[in-house]
Each structure stands twice: as C-alpha cells, then as structure tokens.
Amino acid sequence: MSTTAPTTAGEATTAGTPGGMRRIATASFIGTAIEFYDYYIYGTASALVLNEVFFPELSKTAGTLATLSTFAVGFAARPLGAAVFGHYGDRVGRKAVLVVSLLMMGLSSGLIGLLPGYDTLGLLAPVLLVLLRLIQGLGLGGEWGGAALLAVEHAPKHKRGLYAAAPQMGSPVGYFFATLTFLAMSAWLPDDAFESWGWRIPFLLSFALVAVGLVVRLKIAESPSFAKVQQQKEEAKAPLLEAFRRHPREMLLGAGMITVVYVMFYTAATYCMTYTTDTLGIPKNTMLALTLVAVAVLGLSTYFVARWSDVIGRRKLIIAGAAFGVVWGAVLFPLLDTENNVLIAVALSGALLCMGIIYGPAGAYLPELFSTRMRYSGAGFSYNLGGVLGGAVAPLVVTALAENYSPSAGGWFMSAMALLSLVCVLALPETRERDLDRI
C-alpha cells in the first residue's frame, strides 16, 4: 500500500460540517453493511444448503459440523486481517485500507457463488471454499476497526456514540438483506432449484454491491485524528505490538467483553436455524421470516442504545446487556422447543436484543480505549479476537453439546460466555469523556 497524504484543511472542514458528517456516516454504514451482507450470506447458506453442496458424503450432523467448521475458518482469519489491516491503517490511513478490505470481501463472496460443488470438483471444492472463506475473514477482520474509527474520529465528542452507530447498523442491515434475499430465493424456487443454483444468487449479488461501496468510500476524507498523527510524524512503527505493550488490559478485556455479542448472534443466526429446521422440522421460509423479526429488534436496539450511550455512558449499558445475556442463554432453547412461532420469534429476538444492547455502544467504546497511533490495530484486533472466541467456537460447541447432551446444555454454555463478558466489562473503565486525539 502506498501512503496517503494527510487530510487537507478543506477536507477536514468539509468532514466537520453536518453534511460532511452525514457523508462520513453514510460511507461507514454502506461499506460495513455490504461486507456484513457478504459475511452473513455465508452463515445462512451454511445452515441451509452448503453441507449438501460441498460435503454430500457426510451424514447430516457431520456435514453440518463440517460446514460450521468452514464458517469458523473465517473467524480464525479475522484477527490476522485485523493485524495486517490495522498495521497499515495506523501507518498509512483509515481510508485506503477500507477500500482494500471491501474489495477482498466482495470479490471472495462473489466467487463462492461461482464455485462448483463436490459433485463437479470433488475434494477440491471444499478446499477452494475454505480458501475463499479465509479471504472473507481477512477482509472483514480489517473492516470493522477502520469503519468504526472513520465515524468516531470524525464525530464531535458528545455525539461519538451516535455516529459510531453508523458502522454498527451495517451488521443488522447487512444481515436483514442477506436473510431477505435467501427468503426470496427459497420462496420463489422449488427446493431442488434452490439447492442446485438458487443459493448462489445472493453471493453473485456481491459483485454489484462492492462496486456501489467503492464509489462511496473513494469520496470520503481521511480521519482528522490520524491526519494529526501524520502531520506530527508520530505513526507507530509496529502498532499492534505497541497496543499490546501500552494497552494489554484493554486488548484482552475488550476481546472478552465483545465475545457475548458473537455468541448470541451466531448461535441464533446459524445453529438455531439448523436446529429448528432439521431437528424441529420447522419450514425454512418460516424460520427465515422469524429471523427477520429478530434482526429488526437488533437494528433498533443497536441504534437507540448507541445514542443513549452519549447520555449515560457506554459501560453501564454494556454491563446491562451482558447481564441480560446470562439470563437469556438459559431460556433460549426452551422457547425454541415449544415450536410456537411467536415464542421462537421471542427467543431469537431476545438473543439479538442482548447483542444490540452491547454492540451499539461498543462502536465507540472499543476505539475510545486506545490512543490514536495504535487505535486501528488495538480496537480491530480486540474486536476480532472476541470473534474467534464467540463466533468461531460457540456454534461448534453449542452444536456438540446439543447433539451429545441436550440443546439446553448449549444454552447454558451461552450463559457462561455472557458471564465471561460481564466480568471483563466490569474490569474496564468508562470512556465517554476521553480525548480521542491523544497520541
């Protein structure tokens, strides 16, 4: 990557105006929504069809575990992506690396839609699937930190939570449209057509979406906080190492804090989809529709709690969300087991409400924990390390517990992970009044 010039005075002035802030928030939101759409269509497809396309020789349960393992591979790659993109984001600038991460994510997702299955390529098909999944993980690993910093570092101090809601809203909106696309394909096509080629359409749409995201992101200004670091020639030589040296508590406790977000989301969005359709026999279209209700709850809670964090602080709200997660993990599967559509919607909505209460404030909270010269690396790595614990491990553990013991055992595991996050955030400080320009 080549270095970018510091933000000019004109750019900084434009970015500081209400219109400029709207453009920054829009660019942060659109790019993140597209990347999370790409990421979530894989999660939905892995729950519905990928085991049959890429692992047809395995039993239903083994195929599901194999598909969830490819899902986990993407999470394993995310800390590496955060480290690489964070390095350049702290040395070159936030804007340039966000363009690269968007390209990696969008193109790899589109190529999954073109990838022949096991019947055509044999063992090469799942190998290529894992490779593309790795590229997805690397791209998304660099996305969140840059998008959050782009919004937070441009925002007025008393509105950082509000503007940080923009990249956070990319997650529920991306997931909403990913689910809606699969619902449309599943509703319009017979099962054999959906399983043969219909599932590929949401992936192929990524080629068009990434073009839209690039147009928006190429027009934004560099973060004024990073521009100040460049002007003072204070860039960190090894920002991730410096983040671990100067902020080790924040790095590890921040990862633990965010873990419950991934646990709630990916268990509800991935394993619960498989459990309700395969074990309980609930139609796919019904579950996709009920999931849309839960995602709406996620979006609303993310936005309003993020705004509220500017008034009462981030930490109190995150503590409340983690405590709620301890309770909800225990009731999730009993509600699903009723096979009542209303109670299933409540079960999924409760899990995603827990996520939204934490995820909304976290968009400002994690960046505020770190100083400017290593903020991209510190916040991004911490966020994605939590993803490995919560997003890669949790669906596999919940699946194994449900198969070997009972679904409720998986729910108690979710409660334990929420308790871990609660302990971590209790050990962290409030950050709402911190100066973001500290070097």
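These legends describe close-up views of a predicted model. Residues are numbered from 1 along each chain as its sequence is written, and side-chain values use heavy atoms, with hydrogens and water left out. Local features need pLDDT of at least 70 and side-chain atom pairs pLDDT 80 or more, while totals for chains, interfaces and linings use all residues.

**View A. A nonpolar surface patch is made by residues including L103 and F207.** The patch covers about 470 Å² and also includes L107, L111, L114 and L204. Two elements each give two or more residues to it: α5 (94-114) and α10 (201-217). Helix α5 supplies the largest share, 4 residues. Helices here are DSSP runs (H or I, at least four residues), and strands are E runs of at least two, numbered from the N terminus. Patch residues have over 30% relative accessible area and no salt bridge; nonpolar side chains (Val, Leu, Ile, Met, Phe, Trp, Tyr) are joined within 5 Å, like charges within 9 Å. Areas come from the Shrake-Rupley method with a 1.4 Å probe, and for residues only the protein chains shown count as cover.

**View B. L114 sits in helix α5.** L114 is exposed, at 52% relative accessible area. The classes are buried (under 20%), exposed (over 50%) and partly exposed (in between), with a 1.4 Å probe and protein chains only. Leaving aside neighbours within four places in sequence, L114 contacts R200, L204 and F207. Contact means heavy atoms within 4.5 Å.

**View C. F182 and F194 form an edge-to-face ring pair.** Their ring centres are 6.2 Å apart and their planes stand at 75°. Rings of Phe, Tyr and Trp (its six-membered ring) pair if their centres lie within 6.5 Å; planes under 30 degrees apart are stacked, over 60 edge-to-face, and the rest tilted. F182 belongs to helix α8 (residues 160-188) and F194 to helix α9 (residues 191-196), so the pair ties together parts 12 residues apart in sequence. Both phenylalanines are buried. The structure holds 15 aromatic pairs. Ring pairs also link W144, Y175, Y262, F265, Y266 and Y383 into a cluster.

**View D. The largest nonpolar core has 105 residues.** Those with the most contacts inside it are F54, F182, W199, M257, F265, F333 and L336. Helix α13 (residues 248-279) gives the largest share, 17 residues. A nonpolar core is a set of buried Ala, Val, Leu, Ile, Met, Phe, Trp, Tyr and Cys residues joined through side-chain atoms within 4.5 Å. Apart from this core lies another, of 9 residues, among them A27, F85, L98 and L149. Not counting residues up to four places away in sequence, W199 touches V49, L50, V53, F54, I112, F182 and F194.

**View E. R375 and E153 meet in a salt bridge.** The N to O distance is 2.8 Å. A salt bridge is a side-chain nitrogen of Lys or Arg within 4 Å of a carboxyl oxygen of Asp or Glu. R375 lies in helix α17 (residues 375-404) and E153 in helix α7 (residues 124-154), 222 residues apart. R375 is buried at 0% relative accessibility, and E153 is buried at 5%. Salt bridges that share partners join D90, R94, E153 and R375 into one network.

**View F. E368 forms a salt bridge with R160.** The closest N and O atoms are 2.8 Å apart. E368 is in helix α16 and R160 in helix α8, so the pair ties together parts 208 residues apart in sequence.
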